[in-house]
Amino acid sequence: MAVSCTPARVSARGWGWQHSGRTAMAVHDLDLDIAAGERVLLLGPSGAGKSTLLHALAGVLGADSDDDASEYGTLTIDGVPATRARGRAGLMQQDPDAQVVLSRIGDDVAFGAENLAVPREEIWRRVPAALEAVGLDLPLEHSSSALSGGQKQRLGLAGILAMEPGLLLLDEPTANLDPEGVLEVRDAVRRTLDDTGATLVVVEHRVAVWLEVVDRIVVLAPGGGVLLDGAPDAVLARAAGMLAAAGVWVPGHVPAVRPRVNSGSGEVLLDAAALAVSRQKARRRHPAVPAAVVPLLEIQAGRALSVTGPNGAGKSTLALTLGGLLPAADGRLGAREPLARGAGADPFRWRGRELIGRIGTVFQEPEHQFVTGSVRAELDFAPHILGLETDRVDELLARLRLDHLAEANPFTLSGGEKRRLSVATVLAASPSVLILDEPTFGQDANTWAELASMLTELLDAGTAVVSVTHDAAFADMLGGERLVLGAVATQGVRR
Amino acid sequence: MSADILAQPRSTAWLAGANPLSKLGAGVLITVVLLLTVDWVSAVAALALELCLLPLAGLGARMLLLRGWPILIAAAVGGYGTALLAPKTGNVLLVLGPVLFTTGSVESGIAIALRGLAIALPGVIVLASTDPTDLADALAQRLRLPHRFVLGALAGMRLVGLLVAEWQTLGMARRARGVGVNTGVAGRVAASLGQAMALLVQAIRRASRLAVTMEAKGFGAGPRTWARESVFSRRDAAVAAGGLVICAVAVGAAVVLGTWNPVFG
């Protein structure tokens, strides 16, 4: 039995929104009509108000006690103000863990329908239909925590479908997913749209993912209003260059990256043999179960190493172990003298001060690594610990286009700014080995190109760069070697 | 990464099929009755009957020890303290310097330890056999507690499980920044406080994203329906009767054997 919806129509007339305490408006003077059943990809530079518009349509703007916010003009769904059109729109966000409300998947799908006071029999008719529509073939009792990121997003989509909304709002739904998860979610969305005919508005940097799903592209202007609007081919043909300059991933366009000029000295800094990695603590009679085993590995000055493989293959665990943040579960991992410089061979036993000048690790989530209250203090932090001069800080700030934000709180930055800052804070300690975990997840093309250029420069200067990544283009840019970890954790293949 | 330590498969035990409210009610009844008296007979009787119920809650000896060891230790410590401080009546059993145990004081100590166990065990049984979602359903539908509050707490509890993994990640992420290089107690305390603060920030940010998800799913405004109906069945009558039987047997045995020793009066 299919889930049925009546497609919704959206209309904005001179609509604007100003968050409390901000001088600039998040959205300014927007006129936009979306017909019932249309599928719209919403593009625009960061700060053009794409997310604000989506949240407004979902009726959740001001949900986090933003009482002093001001709204201008009108924004309606089927002629009803969006704030009062409860249940007509369903919103999916970026963070898969913030998508799930209840602990069993059947209950989680039912949650939205319950809130709309749908009768019980009807809810239990819709729940299996919604799960089938998103391709989640699991028992209703299945734990919602034991799902991959892509599955959690599809679960969220099923919950939205069970509300039978006329309008699907997707806010970078695949930014935190690996390539497989991206396709899972994209295909689930397309299938449900084909089934229900619902209207779609999706915000996403990566145009190629959604190009075959959408029938219209709307580009918001940074200053307010609509910059471009039309069929995908027409918009891309007219404005590919402009969109690429704004950081949009235009299909077929790979951003320019500073090329490498040398190939590294080949001096071995860190090497491993039969290295088993695990997050579990080994106990007597209960040795840790390895997440991955790497037969042989050498990390060389001025050389890149890209670690790839499916989810759950132990890539991040390997990165943490190489970074001296987890002990090796078994086998050997040793820093050679050019790296160790008298601190001993085991990076896990190094003190914090010894570690940061030798091996720097950039985590997937930048916020995990912010330890101070301002951008400048973040960059001062490592030089201060190491007793170094902090005169490089201004150079780094300018280099990463963060100089105008020097006094801002790191948590208030945009996604791309946070990523640039988190890399810069680690670089401020000038480590000989730099390890990055999925540095390009969710990044726009500009941040991507800046990051890749900065890394090729570091490589030329003799830093070893290890990146865990699903991003083939990124790995190609850095060159060097690949380590493919298999789903079968013992297959470490070196090429 | 996002392993949820609170999410366990729903128990299939007989008691898991009873309404959480009847289990809570029976548990509270036993606790109150056992608090009325301080003798060992009623405690032993209640404890023996409670132990018979363990299979109904799906709790094996191993599982019980895993979950209940803090209670065992607390009972032992309480019993020891009582034996140490209770009036020294009866024969002297052991003298170690200022420490003196007599048959009377040891008897009081054992009685207190057993009573502690008899009072705590119903709690363990209820917790082990009750699914948090079922409890929330019962509280909101049967006790008519505000659903905004009950479901908010339920959704929040899921996030608590994520905090454990988040704490470990934060610890590593901060070591990678060189946090905690000032050794010594003060340095470590400062580093831990900083990490706790960072955890709090992450928890609040995730919670506010979850709140947006819930709000976008229409939560919190207007009337709602319940996909799962919280019902009372014959099983609940049996649970209530079981609670009454345990209380009656405990009190009856104490009165018949003449050890009934009310706290009040």
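Me: How many of the residues of helix 4 of chain A are buried?
Reply: The model is predicted: local features need pLDDT of at least 70, side-chain atom pairs count only at pLDDT 80 or more, and totals for chains, interfaces and linings use all residues. Residues are numbered from 1 along each chain as its sequence is written, while chains are lettered from A and ligands numbered from 1 in the order in which they are written. Helices (H or I, at least four residues) and strands (E, at least two) are DSSP runs numbered from the N terminus; a residue is buried if 20 or more other C-beta atoms, placed from the backbone, lie within 10 Å of its own, exposed if 12 or fewer, and partly exposed in between. Helix 4 of chain A is mostly covered, and the count of its buried residues is 13 of 13.

Me: How far apart are the end C-alpha atoms of helix 4 of chain A?
Reply: The expected span of a helix is 1.5 Å times one less than its number of residues. With 13 residues, helix 4 of chain A should therefore span 18 Å, and the separation of its end C-alpha atoms agrees: 18 Å.

Me: Is A:L161 buried or exposed?
Reply: A:L161 is found in helix 4 of chain A, and its C-alpha atom is separated by 12 Å from that of A:G197, which is 36 residues away along the chain. Within 10 Å there are 30 other C-beta atoms, so A:L161 is buried.

Me: Where around helix 3 of chain A do its buried residues lie?
Reply: The buried residues of helix 3 of chain A are A:I123, A:R126, A:V127, A:A130, A:L131 and A:A133. An α-helix has 3.6 residues a turn, so residues three or four places apart point the same way.

Me: What is the phi of A:E438?
Reply: Most residues other than glycine have a negative phi. A:E438 lies in the loop between strand 16 (433-437) and helix 14 of chain A, and A:E438 is buried because 22 other C-beta atoms lie within 10 Å. A:E438 is not a glycine, yet its phi is positive, near 45°.

Me: How far apart are the C-alpha centres of the two domains of chain A?
Reply: Domain bounds come from an automatic or database domain assignment, which divides chain A into domain 1 (10-245) and domain 2 (268-494). In chain A, 10 residues of domain 1 are in contact with 8 residues of domain 2. The C-alpha centres of these domains of chain A are separated by 33 Å.

Me: Which helices of chain B give two or more residues to the side that touches chain A?
Reply: In all, 45 residues of chain B are in contact with 55 residues of chain A. The elements of chain B giving two or more residues to this side are helix 6 (147-177) and helix 7 (185-216).

Me: Which residues of chain A are in contact with B:R206?
Reply: B:R206 is found in helix 7 of chain B and is partly exposed, because 17 other C-beta atoms lie within 10 Å. Neighbours within four places in sequence aside, B:R206 is in contact with B:L159 and, in chain A, with A:D97 and A:A98.

Methods. Contact = placed C-beta atoms within 7 Å.
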